[in-house]
Amino acid sequence: MTYETLKTLLIAPDNTSRGMTRWWWYGCCVEKEEIIRELDFMKEAGIGGVELQILYPVTPDDPEKGFYNIPYGSPEFFDVINFTVEECKKRGMVCDFTAGSCWPYGGPTVQVEDAQQQALPYQLDVHGPTKFSCDFTTYFAGNVCAAVMGKMENCVMLPETVVDITDKFEIKELFGWPWGTELAEIDIPEGDWKLVFFVISQHRNKVGKPSRDAEGPVIDHCSRRAADRFFHDMVKPVMERAPGIRSIFCDSIEVEGHNWSGVLLDEFEKRRGYDLKPYIYALWGDMGDITPHIRYDYYKTMSELTVENFFDNLTEFSHSHGAQCRIQAHGTWGDILRVYAAADIPEGETFGDHRTLEVNTIHRRLAASAGHLYGKNIISNETFTWLKRPRFTETLEEMKAAVDAVFLDGMNMIVNHGYAYSPEKAGKRGWPFYASTHINHTVPWWPLYKNLSEYIHRTSALLRWGHNVAEVAVYLPQADVWADNKMADLHLAMRLEEHMGRAEMDGIQKVGYWFDYINDEALTALGEMYDSALHIGENAYRVIILPGVTRLPVETARKLRDFVNWGGILLCDHIPTESCGYLNRDEETAAVRALMAEAKPVLLENRGEALYEKLHEVLVPDVTVSHPDTVGYVHRAEGDAHLYFLSNVSDEEKTVTASFKYGRGVPHAWSVNDTHPLPLTETDGGYTFVMAAHESIIVVFSPDMSAPLPEPVRQSEVEARLPVYDWRLLIEDRDIPLDAPVSWETMPGLAHYAGIGSYVGTIDVPEDGCVLRLTLEGLSAAARVYVDDSAVGDIWTHPLSLVLPPQAKGNHTLRIDAHSTLVNEMMVNGDYEVCPDVVDGWPYFGAVINSHRRARLNCRREHNEMKAPVRSGVWGTVAVSVVDSPAAKSEAKW
């Protein structure tokens, strides 16, 4: 890495690394003039693109107010999508599109035979010998897809006794119409028998929060026919009528109950080599030793079907229409890394308050690992979903902490969650989304959002340089999870984290080892062995960990044996002894045991402290830091150059000592917050440096750093402190004299004010050319600072200080415009307007709109959980100091 390359990444990164935002269009109730206005807001704020998500309506059609919910698929619909794509192009922004309306994929064109299926297991206990029949009419709503009877012994169904009775279920008619289902008479031999039958429910999952005319069933995510029809009917018209969409987006796989497919039984027999029907009870009950093998085969088949027929198919469709594909895989039952790999841009998600340093397996690290294994350099993240509860309390600094946690987990593209379309006629605060951080033009701190946007821009660019470095791989116990779980729409990512241990996986990172997860395909099909490591693309894994792994495919076991023979280190807390799948299970189990005996993995007492101690014995940590619970790192490299991104996600300043395994030569450090060079002090333990609260830095080791570098900024020495006097607060058309700044929520009439308050004071500069530093004791949420009505900078994160440009001798007006959060206003004024029972415009029944407003446009949580207004404005000491640092005077930054 050269000086010029780094300088470009820090101060002039490519526009493709700008952050994006999800843009919610409620009911597609949008107008072109407002689209232009909001795109201009985004462009000015440094947002590089939008992802359209068109969802439920929040207002009825009202010609007088100018509200019209554009029907999905109408000529107006295609016209407004195309208009938006073209307006994005004019601004150098990209436009992605969520196929269908909202999530999951589905809609009005989906026929019953292509809809998501849920198999419900029913069972009856019968004692024989006897003859048995039953009329099940009105007992269940659906069709029997498979049925067996088997003899029970100690609560286990004996496989050798199973009889397929599917053909014994018959349709019962009423006046010639199919009305129910009955079981014809069957002979029950002596003993205790169980009748088991799976019913495909008539009640199909529907699209979750659809727009006007976009309602309908969710598609069968395992059926190619279902996916092809959906793409053809619901997505192709959009791509043809709105050319220029960059990516088709697939949101998280929230397909509740999707545990079956109309193609499952036929495909299962083709792929696994035997008929599933005689063994269906193993999917729900106990059939002895074969049970986990049957379950593994079931999930492996469902995985292959959804990967091939839906995810790969979606990407192929996107490419055929000149677009990329972004996929959130969490929620799927399929091979999770392989599903992420189907995308051009794999995307994670961060849900809840994530302003902490931790490995988030479920929503982030799996997506990042797939990107690293399968060569996807851009790895996206849906960010700020439910960041804080109640809503509207988020500050830009808290959002930066959340972003840094995302970056430290391996992501390098940020998609805000998000921007709610909010025309002026929707009211002062618009239409906030129910599950998000409200990040749009109606928030008081919006004019200062560009500070965070520019930080996201340059950090994303830095984290796309070179390739990620990880020397430890954690093998996913996917086979164990599949084998252990009953038939379900399995959330594989969640079950994997539970199986491995959330704290245990996080601990690997905390003791100095950035790691990737690895699956069977990457290990057996993508990996090459040499130089004592498993090489996959740019990655060289020297240690592989098997957390809680009891079963392996034979090919995986063989590859692990080869890995050890090539000098790799295999660690486990349980030596795998079982194979995967029903056929040839005895031979394959013997093979797995033999291969593991040859591999001789290092057996550990646990996957916590024992694992960490052994890691330190066998592999030097990539990075060690003195505050591993709050300071994390990402390591990127290219050739002999190494870039380390470190971030302090805590609310406190930290003096950090860090060592870098590949830190050779002279290191150079910069604050990514403001691009200042930083000093590093070499010590016995590595390098020591100071990180402010929520500060991020980069440390670069490169033999090509030959150009003269800016002088690092050191702690400025205070020459003199200047008094600030004649304070007053300008707010809400009021001019309030103050002895010193105080937060305004304590003042009469301002407890629930959200907006901008201007704190104005006077300073006397003693001589020409003085450089001053302004430091605030308290601020919420952010501030823009003016000297004599000229903007000189913003304060939005710690340290709450700003170096002011040189000033002439004499009196100057200092103005601090404090921009608050929105919560104080919303806790009393943010509730929704109730529609009358009947309205003149679509959807005509007010209850339809009221249900959406009540569930998703209300402020109940803000009303109920906020016991008192939050602090707003500036408070405490406001210090203005003359600084004597040449570095500070020269503003030595890029």
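Arg391 is buried, and Glu862 is buried too (buried means under 20% relative accessible area, exposed over 50% and partly exposed in between, with a 1.4 Å probe and protein chains only). This is a predicted model, where local features need pLDDT of at least 70, side-chain atom pairs count only at pLDDT 80 or more, and totals for chains, interfaces and linings use all residues. Residues are numbered from 1 along each chain as its sequence is written, and side-chain values use heavy atoms, leaving out hydrogens and water.

**Salt bridges**

- Side chains of opposite charge can pair when their charged atoms come close.
- The count comes to 59 salt bridges, each being a side-chain nitrogen of Lys or Arg within 4 Å of a carboxyl oxygen of Asp or Glu.
- Arg391 and Glu862 form one of them, with their closest N and O atoms 3.3 Å apart.
- Arg391 lies in the loop between strand 13 (380–385) and helix 9 (396–408), and Glu862 in helix 20 (residues 860–865), so this pair ties together parts 471 residues apart in sequence; helices (H or I, at least four residues) and strands (E, at least two) are DSSP runs, numbered from the N terminus.
- Lys194 pairs with Asp125, the closest N and O atoms being 2.7 Å apart.
- Lys194 is buried at 7% relative accessible area, whereas Asp125 is exposed at 60%.
- A network of salt bridges links Arg22, Glu51, Asp96, Arg246, Asp251, Arg326, Glu347 and Glu382.

**Strand pairing**

- Strand 10 (residues 247–250) and strand 11 (residues 324–327) run parallel, joined by four bridges; two strands pair if DSSP finds at least two bridges between them.
- Ile248 stands opposite Cys325 in strand 11.
- Strand 11 also pairs with strand 12 (residues 345–351) in the parallel sense, over two bridges.
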